[in-house]
Structures are given as C-alpha cells and as structure tokens.
Amino acid sequence: MEGLKKVAVICILKHQDKFLLLERLKEPNKDLFTPLGGKIDPFETPLDAAKRETLEESGIMVDAMDFCGILTETSPTKYNWTSYVYIAEIDYQDAPACNEGTLKWINADDILNIPTPKTDWHIYEYALKKQKFIFDAVFDKDLNLLEMNELIENRKIC
C-alpha cells in the first residue's frame with residue numbers, strides 16, 4: 001500500500017574518528033554517502049537485521065551494536081520509512097567491496113562536506129555523543145527535507 005512505512009535498519013560502522021560509509025549506486029539516496037542498512041526481514045529483530053545487513057553489504061561480522069535511536073521519514077511519495085539506528089565500533093580495515101556501491105572511510109570532520117542525506121548529519125551528531133534520539137523527518141514530493149524534529153527533547157532540528 002502506497003505511503004505505508006517500510007521498517008528498516010541503519011548501521012553505522014565507526015573506527016575512532018572515521019565512518020565506513022557507502023556511496024550508493026541506486027535509489028534511495030543514489031550517489032549519496034550513507035551508512036549500511038536495509039529492510040528488516042519477517043520474524044527478524046532490528047538488532048539481528050542490523051548485524052545481517054552489515055555482513056551482507058560489507059562482509060564484516062559485528063558481535064555487538066549499540067542502539068542509537070529511531071528515524072521516521074514521511075513523504076507524499078513512496079519514500080516512507082521507520083528505521084532503527086545502530087552503531088558499532090570496528091577495527092580498521094581496507095574498505096571492502098560492496099554490491100550496493102563503494103564503501104569508503106570518511107573522517108567525522110568531513111561529513112558536512114560530502115553528499116549525504118541531511119537527516120544523517122544529525123544521526124552522526126547524536127550517535128557520537130551517545131545521545132538517544134527519535135527523529136521525525138518530513139519531506140515534500142521531491143524529497144526535499146521540510147522539517148525535522150527530535151521527539152525525546154521535543155525540539156525542532158531543522
């Protein structure tokens with residue numbers, strides 16, 4: 001059904017001050033740098049989905065991931081998601097091959113200078129501070145971010 005939320009995970013992989021991000025080959029977010037992630041399978045917990053998606057997209061097996069928060073995205077198009085966000089500190093390794101795009105290590109200081117979804121800037125900020133969040137992002141029909149609120153603190157982000 002059009003407009004029904006898809007449930008997914010966002011998997012942030014980090015080593016010290018670097019993030020392992022995916023330059024995506026396809027929509028959503030084609031040509032943008034994003035964390036790994038994907039839809040939650042039937043009968044799968046969000047944490048199990050985060051570990052599976054990380055392994056499928058990078059070949060990296062993580063034993064532990066920390067829950068960061070939830071991102072809900074709403075638009076008048078088919079782009080409607082509820083995503084559980086996790087982060088894992090991993091050992092440094094050369095960026096592995098990925099069939100979803102190109103994985104690259106990006107310094108935290110460079111995040112604002114690369115093409116990435118605006119919602120992700122705030123996810124990284126909160127994740128690095130280990131501050132839990134519930135973000136509510138609303139987009140127009142062209143997927144421009146209209147507003148974003150953080151619901152735990154009840155404050156407007158943008």
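**Close-up views of the chain**

**View 1. Cys11 is buried, with a relative accessible area of 0%.** Buried means under 20% relative accessible area, exposed means over 50%, and partly exposed lies in between (1.4 Å probe, protein chains only). The model is predicted: local features need pLDDT of at least 70, side-chain atom pairs count only at pLDDT 80 or more, and totals for chains, interfaces and linings use all residues. Residues are numbered from 1 along each chain as its sequence is written, and side-chain values use heavy atoms, with hydrogens and water left out.

How many disulfides does the structure hold? A disulfide is a covalent bond between the sulfur atoms of two cysteines. Here it is taken as a pair of cysteine sulfur atoms within 2.5 Å. By this rule the count is zero. Cys11 is in no disulfide, and the nearest cysteine sulfur, in Cys68, is 10 Å away.

**View 2. Thr54 sits in helix H1, which covers residues 46-58.** Helices (H or I, at least four residues) and strands (E, at least two) are DSSP runs, numbered from the N terminus. Is Thr54 buried or exposed? Thr54 counts as buried, at 0% relative accessibility. Contact means heavy atoms within 4.5 Å. Leaving aside neighbours within four places in sequence, Thr54 is in contact with Cys11, Leu13, Leu36, Gly59, Ile60, Val62 and Met65.

**View 3. Ring pairs link Tyr79, Trp81 and Phe139 into a cluster.** A pair of aromatic rings is described by the distance of the centres and the angle of the planes. Rings of Phe, Tyr and Trp (its six-membered ring) pair if their centres lie within 6.5 Å; planes under 30 degrees apart are stacked, over 60 edge-to-face, and the rest tilted. The whole structure has eight aromatic pairs. Tyr79 and Trp81 form an edge-to-face pair, 6.3 Å centre to centre with 65° between the planes. Both Tyr79 and Trp81 are buried. Tyr79 also pairs edge-to-face with Phe139, at 5.7 Å centre to centre and 85° between the planes. Tyr79 lies in the loop between strands E5 (66-74) and E6 (81-89), and Phe139 lies in strand E9 (residues 133-139), so this pair ties together parts 60 residues apart in sequence. Tyr79 and Phe139 are both buried.

**View 4. The charged end of Lys6 sits over the ring of Trp81.** A charge sits over a ring if NZ of Lys or CZ of Arg is within 6 Å of the ring centre and within 35 degrees of the ring normal. For Lys6 and Trp81, the distance to the ring centre is 5.2 Å. Lys129 does the like with Tyr126: its charged end sits over that ring, 5.1 Å from the centre.

**View 5. Strand E6 is largely enclosed by the rest of the structure, because seven of its nine residues are buried.** Two strands pair if DSSP finds at least two bridges between them. E1 (residues 6-15) and E6 pair in the parallel sense over nine bridges. Leu13 has Ala88 in E6 as its bridge partner. E5 and E6 pair in the antiparallel sense, over seven bridges. Phe67 stands opposite Tyr86 in E6. A hairpin joins E5 to E6 through six residues.

**View 6. Val7 lies in strand E1.** Val7 is partly exposed, at 39% relative accessible area. Which residues does Val7 touch? Not counting residues up to four places away in sequence, Val7 touches Lys39, Ile40, Thr82 and Tyr84. Val7 and Ile114 are 107 residues apart in sequence and 26 Å apart in space, C-alpha to C-alpha.

**View 7. Helix H2 spans residues 118-128.** Its buried residues are Thr119, Asp120, His122, Ile123, Tyr124, Tyr126 and Ala127. After H2 comes Lys130, with a positive phi near 55°.

**View 8. The chain has two helices and eleven strands.** From the N terminus on, the elements run β-β-β-β-α-β-β-β-β-α-β-β-β. Of the 158 residues, 47% count as buried. The C-alpha atoms fill a box of roughly 40 × 35 × 25 Å along the principal axes. Of the contacts with a separation of 6 or more, 61% are between residues 24 or more positions apart.
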